[in-house]
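Okay, thanks for coming, everyone. Have a look at the screen while I bring up today's protein.

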Amino acid sequence: MSSLALLRRLLEDRRYEKLVLVGLAAVFQRNRTLAVQRELLHRTDWVTRLLHGSEFPRCLVCRLSMPWTASSTSVG
């Protein structure tokens with residue numbers, strides 16, 4: 001079973017309506033198939049559950065990846 005088929009099953013199941021969100025960052029890379037991109041763009045019922053970009057605030061990522069800068073980086 002393809003990953004798209006598994007994703008489709010999760011997104012169409014009402015039990016997971018408020019639990020499953022989909023990150024799209026990797027889907028639109030050059031080496032991905034167009035079939036997945038087309039389906040995601042045409043499914044208007046999934047729009048509220050599709051996320052693109054980082055889920056982490058930039059200041060948090062800096063502190064996690066470069067802890068030595070935490071004291072000099074201000075949150076704001």
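Predicted model: local features only at pLDDT ≥ 70, side-chain atom pairs only at ≥ 80, totals over all residues.

Residues are numbered from 1 along each chain as its sequence is written, and side-chain values use heavy atoms, with hydrogens and water left out.

So, the layout. The protein has three helices and two strands, and from the N terminus they run α-β-α-β-α. Those are DSSP runs numbered from the N terminus: helices are H or I with at least four residues, strands are E with at least two. Of the 76 residues, 24% count as buried. Buried means under 20% relative accessible area, exposed means over 50%, and partly exposed is in between, with a 1.4 Å probe and protein chains only.

Now, which residues of helix 2 are buried? In this helix, residues 34-42, they're Gln-37, Glu-39 and Leu-40. Down the helix axis they fall within an arc of 165°, so they line one face; the arc is taken from the directions from the axis to the C-beta atoms. The face turned away from that buried side carries Leu-41 and His-42, both exposed. And what covers the buried residues? Helix 1 (3-12) and strand 2 (50-51) are included in the cover.

Tyr-16 sits in the loop between helix 1 and strand 1 (22-23), and is partly exposed at 30% relative accessible area.

Last topic: salt bridges. How many does a search of the whole structure find? Six, where each is a side-chain nitrogen of Lys or Arg within 4 Å of a carboxyl oxygen of Asp or Glu. Take Glu-12 and Arg-43, whose closest N and O atoms are 3.0 Å apart. That pair links distant parts of the chain, 31 residues apart: Glu-12 is in helix 1, and Arg-43 is in the loop between helix 2 and strand 2. Glu-12 is partly exposed, at 45% relative accessibility.

Another bridge joins Arg-14 and Glu-17, at 3.1 Å from N to O. Arg-14 is exposed at 67%, whereas Glu-17 is partly exposed at 38%. Finally, bridges with shared partners tie Arg-8, Glu-12, Glu-39, Arg-43 and Asp-45 into one network.

Key. Contact = heavy atoms within 4.5 Å.
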